[in-house]
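Okay, thanks for making time, everyone.

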Amino acid sequence: MNWDERIDEVWADATGEEVGDEIIARIDALAAERGADDARAEFERAGARDSAGRPAEAVVLYRRALELGLDAEHRPQAVVQLASSLRNLGEFPHLPRYHRSMTAYAHDIADADA
């Protein structure tokens, strides 16, 4: 099973239950296989913490994933989830560096739902 399939398996196991330390530990172990400078690994680590109700931890990791150059498939999701985490922290998503991206992603999502 490749790395993506193993990540998907962890998320499938977490479906319908509250994400806690076990899921975070599993995601972190898989992320460690790719190293600390891997954008996708940082994105998955952020998502685990976001899902566990730890938005402050997630924000740091989402930002790192974006700075490392997250791929086009996962970048829109990371930007939206970062904005959501910031909102949950009371830091309404004033993201000047990502404004253009956020606008484009919002249009893409609206078009996909139409």
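Predicted model: local features only at pLDDT ≥ 70, side-chain atom pairs only at ≥ 80, totals over all residues.

Before anything else, when I say contact, I mean heavy atoms within 4.5 Å. Residues are numbered from 1 along each chain as its sequence is written, and side-chain values use heavy atoms, with hydrogens and water left out.

Let's start with F43. What does F43 touch, leaving aside its neighbours within four places in sequence? The contacts are Y62, A65, L70, H74, Q77, A78 and Q81. F43 sits in helix 3; helices here are DSSP runs of H or I with at least four residues, numbered from the N terminus. Is F43 buried or exposed? F43 counts as buried because its relative accessible area is 4%, and the cut-offs are under 20% for buried, over 50% for exposed and partly exposed in between, with a 1.4 Å probe and protein chains only.

F43 takes us to the core. By nonpolar core I mean a set of buried Ala, Val, Leu, Ile, Met, Phe, Trp, Tyr and Cys residues joined through side-chain atoms within 4.5 Å. The largest one has 15 residues, and F43, Y62, L66, L70, A78 and L82 have the most contacts inside it. Helix 3 (39-51), helix 4 (55-68) and helix 5 (75-88) each give two or more residues to this core, and the largest share, six residues, is from helix 4. There's a second, separate core of 11 residues, including V10, I23, L30 and A52. As background, nonpolar side chains tend to be buried together in soluble globular proteins.

Back to A78: leaving aside neighbours within four places in sequence, A78 contacts F43, Y62, L66 and L70.

So what about helix 4? Its buried residues are P55, A58, V59, L61, Y62, A65 and L66, and what covers them includes helix 3 and helix 5.

Now the packing. Angles run from 0 to 180 degrees between N-to-C directions, and axes are lines fitted to C-alpha atoms, for helices over the stretch in contact. Helix 3 and helix 4 pack at about 160 degrees, with axes 8 Å apart. That makes helix 3 roughly antiparallel to helix 4, since angles over 145 degrees count as roughly antiparallel, under 35 as roughly parallel, 65 to 115 as roughly perpendicular and the rest as oblique. Among the residues making this contact are F43 and A46 of helix 3 and A58, L61 and Y62 of helix 4.

On to helix 4 and helix 5: the angle is about 150 degrees and the axes are 9 Å apart. That makes helix 4 roughly antiparallel to helix 5. The residues in contact include Y62 and L66 of helix 4, with A78 and L82 of helix 5.

Last one: helix 1 (residues 3-14) and helix 3 pack at about 0 degrees, with their axes 12 Å apart. That makes helix 1 roughly parallel to helix 3. W3, D4, I7 and W11 in helix 1 meet R40, A41, E44, G47, A48 and S51 in helix 3.
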